[in-house]
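Open the structure in your viewer and keep the sequence panel beside it. This tour tells you what to select next and what is there.

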Amino acid sequence: ILDLLDNSVDGAKNLQGAGPFQDLSISVAIDANEFCIVDNCGGIPLEVARDYAFRFGRPSGAPIVDGGIGTFGVGMKRALFKLGDNIQIRSTTAAHTIELDFKVSDWESDPQEGAWFFPMAVTPLLHPPPDAELGTSITVRDLHPSVRAQFKADYFHQTLRRAIAARHQAVIDDGLPIMFDGLA
């Protein structure tokens, strides 16, 4: 979850540098049925989505995000696979909306040789949407049993809330609200 949150924070930093982070926000919600993270931090550019984010494995020459905190190479896909089976992603930039909706189990069982990419729909936009609509939402359902059990535990919520606050205190102090289960 923290790795996915790092991606949103990196998006905010790409838009507004070190802050202050005006009009940007990140929201994380978990319960026994789903995980959801939503931001308005600029979205995933089409080139990054096509060449890096929604392909399996990191290609040689993949761009390094300058100043990014998501530097450990864990990757969005691995984090999502650890949460559950049904993944929905929608990301809007000024030029495109990208949508993915797939079951990991179906993708894994696809007999197509070299199926190293995830099914992605791209809609070019004629006009840039308002800045508040530029961002990414990720929802994971059909959570793995161990994840579902953790998400039910109050202790897990408390621990995650503290971990988010500790890890991202600097950007929170610079005005980037990070909501967790409806609370800042």
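**The whole chain**

Among contacts in the protein chain (heavy atoms within 4.5 Å) between residues at least 6 apart in sequence, 69% join residues at least 24 apart. The model is predicted: local features need pLDDT of at least 70, side-chain atom pairs count only at pLDDT 80 or more, and totals for chains, interfaces and linings use all residues. Residues are numbered from 1 along each chain as its sequence is written, and side-chain values use heavy atoms, with hydrogens and water left out.

Color by secondary structure. You will find seven helices and seven strands in the protein chain. Both kinds are DSSP runs, numbered from the N terminus: helices are H or I with at least four residues, strands are E with at least two. Along the sequence the pattern reads α-β-β-α-α-β-β-α-β-β-α-α-α-β.

Now show the surface. The protein chain exposes about 10200 Å², and carbon and sulfur atoms supply 55% of that area. Accessible areas come from the Shrake-Rupley method with a 1.4 Å probe; for residues, only the protein chains shown count as cover. Of the 184 residues in the protein chain, 38% are buried. Buried means under 20% relative accessible area, exposed means over 50%, and partly exposed lies in between (1.4 Å probe, protein chains only).

Select residues 26-30, strand β1. Its covered face holds Ile-26, Val-28 and Ile-30. Ser-27 and Ala-29 form the uncovered face.

A hairpin of three residues joins β1 to β2.

Center on Val-28. Its bridge partner in β2 is Ile-37, and in β7 it is Phe-180.

**Stop two: β3**

Select 84-92, strand β3. Seven of its nine residues are buried, so β3 is largely enclosed by the rest of the structure.

Show β6, residues 135-143. Eight bridges join β3 to β6, and the two run antiparallel. Gly-84 has Leu-143 as its bridge partner in β6. Next show β4, residues 96-103. β3 and β4 pair in the antiparallel sense over seven bridges, and a hairpin of three residues joins β3 to β4.

Leave out residues up to four places away in sequence, and Thr-93 touches Gly-42, Gly-43, Ile-44, Pro-45, Leu-125, Pro-129 and Leu-134.

**Stop three: salt bridges**

Show charged side chains. A salt bridge is a side-chain nitrogen of Lys or Arg within 4 Å of a carboxyl oxygen of Asp or Glu. The count comes to seven.

- Glu-34 and Arg-141: the closest N and O atoms are 2.9 Å apart. The pair links distant parts of the chain, with Glu-34 in β2 and Arg-141 in β6, 107 residues apart.
- Arg-90 and Glu-99: the closest N and O atoms are 2.9 Å apart. Arg-90 stands opposite Glu-99 in β4.
- Lys-103 and Asp-142: the closest N and O atoms are 2.8 Å apart. Lys-103 lies in β4 and Asp-142 in β6, so the pair ties together parts that are 39 residues apart in sequence.

Salt bridges that share partners join Asp-3, Asp-6 and Arg-167 into one network.

Notes:
Pairing = 2+ DSSP bridges.
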